[in-house]
Amino acid sequence: MAGGPPKALPSTGPHSLRDMPHPLAGSSSEEAVGGDSTPSPDLLMARSFGDKDLILPNGGTPAGTSSPASSSSLLNRLQLDDDIDGETRDLFVVVDDPKKHVCTMETYITYRITTKSTRVEFDLPEYSVRRRYQDFDWLRSKLEESQPTHLIPPLPEKFVVKGVVDRFSEEFVETRRKALDKFLKRITDHPVLSFNEYFNIFLTAKDLNIYKKQGIALLTRMGESVKHVTGGYKLRTRPLEFAAIGDYLDTFALKLGTIDRIAQRIIKEEIEYLVELREYGPVYSTWSTLEGELAEPLEGVSACIGNCSTALEELTDDMTEDFLPVLREYILYSDSMKSVLKKRDQVQAEYEAKLEAVALRKEDRPKVPADVEKCQDRMECFNADLKADMERWQNNKRQDFRQLLMGMADKNIQYYEKCLMAWESIIPLLQEKQEAKFPVTAVLS
Amino acid sequence: MQETYTAYLIETRSVEHTDGQSVLTDSLWRRYSEFELLRNYLLVYYPHIVVPPLPEKRAEFVWHKLSADNMDPDFVERRRIGLENFLLRIASHPILCRDKIFYLFLTQEGNWKETVNETGFQLKADSRLKALNATFRVKNPDKRFTDLKHYSDELQSVISHLLRVRARVADRLYGVYKVHGNYGRVFSEWSAIEKEMGDGLQSAGHHMDVYASSIDDILEDEEHYADQLKEYLFYAEALRAVCRKHELMQYDLEIAAQDLASKKQQCEELATGTVRTFSLKGMTTKLFGQETPEQREARIKVLEEQINEGEQQLKSKNLEGREFVKNAWADIERFKEQKNRDLKEALISYAVMQISMCKKGIQVWTNAKECFSKM
């Protein structure tokens with residue numbers, strides 16, 4: 001749908017996002033502060049579409065399924081509760097079903113975007129389109145252009161820096177799909193961005209390339225005005241509250257960077273530990289071939305170590321796929337937020353400069369000229385939008401990190417539980433009396 | 001020049017039968033070299049016994065955090081335990097516990113070294129036993145001993161491998177735990193800029209510190225397991241020594257039998273005048289002329305004496321050999337039972353250690369998760 005002029009939307013308001021269930025809530029939907037046991041309807045939808053046959057690069061599991069231990073959270077999600085503190089959701093977006101396309105010039109992956117909405121901006125109640133990464137990239141830059149006073153969520157990294165990763169591997173595709181899904185959901189949840197024209201086109205257009213080629217300018221009023229802010233003005237001092245935000249973002253990004261490095265280091269050490277374990281276990285097996293009475297106990301220990309190794313591998317895989325990408329995303333997020341802050345500074349700088357110029361002209365007309373008024377208006381809107389977005393962002397950030405870190409703790413708990421079970425199960429084997437099995441005449445033992 | 005060495009205090013307690021209370025009867029100091037002397041003595045006088053081994057002289061199979069320094073207090077303590085174990089093993093051995101020199105080791109501080117040397121055991125020692133790689137071709141090897149020697153070689157090899165890898169595993173595990181400590185600091189720093197999230201982060205960071213420091217005790221416990229394995233690594237060597245001794249006895253027996261057989265043959269040839277075997281005497285006789293009948297009689301007499309002696313020796317050697325096999329095999333059976341018992345215990349205690357480590361891990365991460373949930 002591409003009709004009708006953009007509406008005049010309330011860009012701010014007490015419309016802060018309540019504790020919504022996080023779309024990526026993993027297996028641990030605990031009873032937590034804010035009651036996040038309400039399901040995300042988006043994921044409910046995903047299930048009703050069915051897991052169609054997937055032509056995945058490595059013929060793996062459909063991308064839409066969540067982690068195995070989530071039967072309880074699945075149940076949670078099935079308890080549909082639309083009314084969350086009186087809010088009714090009228091827009092649901094899901095990214096799933098990655099498919100590989102092999103063409104003469106290139107090979108790439110597309111994802112299915114399914115939209116369900118009762119909003120009037122959508123002609124049909126339901127849409128299903130296919131998009132690739134560069135389409136998301138296009139959407140993001142259009143959003144930045146058209147909504148410069150708002151914080152636009154980040155995309156997962158375009159290129160894989162550490163060239164070891166195969167960009168068609170199941171794990172990489174799944175990690176990317178999750179990030180793209182989150183990207184769209186963040187926009188969906190935003191009271192202003194979700195009504196953006198480009199977003200609408202992205203969700204509904206059969207052929208996005210037509211729109212891309214024509215370079216249709218569908219800038220909002222605000223976007224249009226901010227676009228014309230010339231960059232030549234230098235702000236003297238950032239207002240306290242925005243300076244505080246700037247400082248916060250700086251430190252925040254720094255700390256996240258450190259956490260990313262630590263997490264990577266841990267994974268590296270764990271992998272090296274795993275390598276040694278994989279050599280360690282089999283030695284017990286070799287030993288058991290020399291023995292009589294000790295053969296079974298030694299073999300048992302060998303198998304046990306093997307189980308622990310497998311559990312460790314699962315832990316490192318999970319951390320690589322689920323933990324690290326989210327950290328990186330937030331670092332990108334804070335980077336883009338800092339640029340928005342700078343833009344805001346420019347708008348204020350222009351206003352102040354123009355105001356000063358007027359004051360210097362010493363005209364006795366008390367009335368402020370129209371263009372200065374426009375600048376002031378622009379600045380005040382920007383400030384309001386940004387403040388509202390920051391508050392929203394802070395809330396979401398808190399939710400996201402709570403989930404992320406709880407997830408990390410959970411994965412470690414699961415790892416230790418698997419190992420515990422393995423070791424506890426061989427104790428009876430080790431304590432068993434072997435007399436009945438081995439006759440006394442056995443030569444070696 | 002002064003020499004620094006470590007001495008160990010040995011206290012012997014004897015249990016009074018009447019009330020079961022132990023009374024301190026003897027207390028003296030011994031250094032490692034005296035333990036070595038005791039063991040070398042036992043090896044000579046009890047060649048058919050699998051003599052308990054000493055703990056390692058120098059730290060081997062170390063992983064980076066563990067010190068290879070002989071003066072390091074942890075190493076000294078572990079060695080002390082090993083030496084105590086050595087003495088307990090001897091004390092609980094049905095035959096070795098009765099040895100006089102062992103008794104004196106526990107009771108006579110001064111002069112003990114002289115007493116041991118006076119036994120002249122060094123002279124009795126078969127130097128060939130020290131030559132580990134020298135091969136003695138035995139014509140009729142005892143299969144049981146060959147198999148046992150093969151087993152002891154394999155056991156040594158597999159336990160060494162196990163200890164080496166285990167040390168590397170310990171090293172890596174140490175790394176994993178310690179890096180988590182960094183979370184403590186960064187969470188603390190991060191919490192400073194957060195409002196609602198601050199407390200949760202800060203307290204979670206504390207748990208990460210606890211996690212990181214827990215590995216020290218865990219790995220120290222594991223060293224005891226490694227020591228138990230090491231004891232049997234060295235025991236394998238002792239087992240091998242018994243097999244080797246048997247091999248040499250067998251070899252000597254065969255040489256003696258061969259020697260006797262050739263003397264008998266020589267005697268027969270001299271008596272009958274037929275020369276079937278080459279001999280220098282035969283050659284010289286041919287070259288320089290036949291010997292006189294008197295000379296021949298004299299030689300036959302000498303040979304007959306030697307043959308008699310040889311037969312006596314062979315008889316006693318055979319007897320000795322059979323005794324050795326009987327006694328050795330009895331001790332080997334005893335050793336096997338002990339080994340199976342001990343190693344099973346070691347494996348159980350290792351599993352218990354792992355279980356404890358897992359439970360600690362679950363506890364810490366559960367606590368951290370709780371803190372995160374309050375963010």
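Predicted model: local features only at pLDDT ≥ 70, side-chain atom pairs only at ≥ 80, totals over all residues.
# Notebook: domains, chain interface and salt bridges

**Entry 1. Domains of chain A.** I began with the separation of the two domains of chain A: the centres of domain 1 and domain 2, taken over C-alpha atoms, are 22 Å apart. The domain assignment places domain 1 of chain A at 88-216 and domain 2 at 232-433. I then looked up the contact between them, to which domain 1 of chain A gives 20 residues and domain 2 of chain A gives 22 residues.

**Entry 2. Area between the domains.** I noted that domain 1 and domain 2 of chain A bury about 1,800 Å² between them, with 55% of this on carbon and sulfur atoms. Within domain 1 of chain A, the residues that lose the most area to domain 2 are Thr149(A), Leu151(A) and Arg186(A), which together account for 34% of what that side buries.

Entry 3. I found three salt bridges counted between domain 1 and domain 2 of chain A. I also looked up the pair Asp322(A) and Lys178(A), whose side chains meet in a salt bridge at 2.8 Å, N to O. On the side of domain 1 of chain A that touches domain 2, the elements giving two or more residues are α3 (133-146) and α4 (170-189) of chain A. The largest share of that side, six residues, comes from α4(A). By class, I recorded eight nonpolar, four polar and eight charged residues on the side of domain 1 of chain A that touches domain 2 of chain A.

**Entry 4. Chain B against chain A.** Next I turned to the two chains. I recorded 56 residues of chain B in contact with 61 residues of chain A. Chain B and chain A bury about 5,800 Å² between them, 74% of it on carbon and sulfur atoms. The search returned nine salt bridges across this interface. I looked up the salt bridge in which the side chains of Glu189(B) and Lys255(A) meet at 2.6 Å, N to O.

**Entry 5. The chain B side.** I asked which helices supply this side: α7 (143-191), α8 (198-272) and α10 (293-373) of chain B each give at least two residues to the side that touches chain A. The largest share, 25 residues, comes from α7(B). By class, the side of chain B that touches chain A has 34 nonpolar, nine polar and 13 charged residues.

**Entry 6. Salt bridges within chain A.** Over all chains, the search of the whole structure gives 60 salt bridges. One pair I inspected is Arg132(A) with Glu106(A), whose closest N and O atoms are 3.1 Å apart. Arg132(A) lies in strand β3 (residues 126-132) and Glu106(A) in the loop between β1 and β2 (107-117) of chain A, so the pair ties together parts 26 residues apart in sequence. I noted that Arg132(A) counts as buried at 16% relative accessibility, whereas Glu106(A) is partly exposed at 35%.

A further pair is Arg328(A) with Asp260(A), where the closest N and O atoms are 3.4 Å apart. This pair links distant parts of the chain, 68 residues apart: Arg328(A) is in helix α9 (residues 295-360) and Asp260(A) in helix α8 (residues 240-288) of chain A. Arg328(A) is partly exposed, with a relative accessible area of 25%, and Asp260(A) is buried, at 9%.

**Entry 7. Salt bridges within chain B.** I looked up Glu34(B) and Arg30(B), whose side chains meet in a salt bridge at 3.1 Å, N to O. Glu34(B) is buried at 12% relative accessible area, and Arg30(B) is buried at 0%. I also recorded one network, joined through salt bridges that share partners, made up of Glu56(B), Arg78(B), Arg166(B), Glu222(B), Glu223(B), Asp227(B) and Lys230(B).

**Entry 8. Backbone angles.** Asp97(A), not a glycine, has a positive phi of about 55 degrees. Asp97(A) is found in strand β1 (residues 91-102) of chain A and is buried, with a relative accessible area of 8%. Asn111(B) also has a positive phi, near 70 degrees. Asn111(B) lies in the loop between α3 (100-107) and α4 (112-118) of chain B and counts as exposed at 52% relative accessibility.

Key. Residues numbered from 1 in each chain as written. Chains lettered and ligands numbered in written order. Heavy atoms only, no water. Helix = DSSP H or I, 4+ residues; strand = E, 2+ residues; numbered from the N terminus. Buried < 20%, exposed > 50% of the residue type's maximum accessible area, 1.4 Å probe, protein only. Contact = heavy atoms within 4.5 Å. Buried area = accessible area lost by both parts, 1.4 Å probe. Salt bridge = Lys/Arg side-chain N within 4 Å of Asp/Glu carboxyl O. Nonpolar A, V, L, I, M, F, W, Y, C, P; charged D, E, K, R; others polar. Domains from an automatic or database assignment.
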